[in-house]
Amino acid sequence: MVAREQFETDLSNIKEKIMVLSQTTENALCEAVDALYNQDIELANQVIDRDNEIDEQEHSINDKTILLIAKQQPVATDLRRLIIALRITTDLERMGDNAKNIAKSTIHLGENHRLTIHHEIKQMRDMAVEMVHTAMHAFQYEDISIAGKLSEMDDQVDKLYERIIHELLTETATNSEKIQFVMQMAFSARYIERFADHITNIGESILFLVKGESYKLN
């Protein structure tokens, strides 16, 4: 019983660290998009610098998870919980990379470019944040009914992305001088779309954890 209690304690600690990492990643996305709209180069640089914190959190979680597998040699559902912890941590780290890339687009555009950022990029960001909350709630409670909602949410993000790209391409056709600006907007929308795809991956991991079978939500 002592070994089992220790396993549960260590597993709970890993889950808590994953929840913290998800919040750090969410903050990175929010700040990156804020920097884009406000032409805030200083904030964009902070997002890039803080990506190291996300990487460090990922490494810490991975080290603790691998050590727990080695020490306890879990099987069945317990082993799946630890494998899923590794998979979700990887997705969260890559989401942080997407946020960092949006910050890089802000720096590429520079200050005082006097151009209007597409208003629906912020809407994409807000939808992605809602997906993060949904995914982590599903992860915390191992709730597949909540995880299943991520598929429809991701479809909405994809539709918004396609609309933004269509409008940006139309703008390029009528004003070729804006092509560099339009490219950075398209990149930023793409990074949010990829951010959301990784959240869908998390949903698939939760389904695998509970059911023991692979499912595709994307």
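These questions and answers cover a predicted model of one chain.

Residues are numbered from 1 along the chain as its sequence is written, and side-chain values use heavy atoms, without hydrogens or water. Local features need pLDDT of at least 70 and side-chain atom pairs 80 or more, while totals for chains, interfaces and linings use all residues.

Visitor: How many helices and strands are there in the chain?
Guide: Helices (H or I, at least four residues) and strands (E, at least two) are DSSP runs, numbered from the N terminus. From that end the elements run α-α-α-α-α-α-α. The count is seven helices and zero strands.

Visitor: What distance separates the end C-alpha atoms of helix H2?
Guide: H2 covers residues 41-72, which is 32 residues. The expected span is 1.5 Å times one less than the number of residues, so H2 should span 46 Å. The model agrees, with its end C-alpha atoms 47 Å apart.

Visitor: Which residue has a side-chain oxygen reaching the backbone nitrogen of Glu42?
Guide: The atom pair lies at the start of H2. The oxygen comes to within 3.3 Å of that nitrogen. The residue is Asp40.

Visitor: Which residue follows H4, and what is its phi?
Guide: H4 runs over residues 119-141 and reaches 35 Å, close to the expected 33 Å. Just after H4 comes a residue with positive phi. That is Glu142, at about 50°.

Visitor: What share of the chain's residues is buried?
Guide: Buried means under 20% relative accessible area, with a 1.4 Å probe and protein chains only. The chain has 218 residues. The buried share is 48%.

Technical notes
Polar contact = N/O pair within 3.5 Å; in protein donor to acceptor, adjacent residues only side chain to side chain. Buried < 20%, exposed > 50% of the residue type's maximum accessible area, 1.4 Å probe, protein only.
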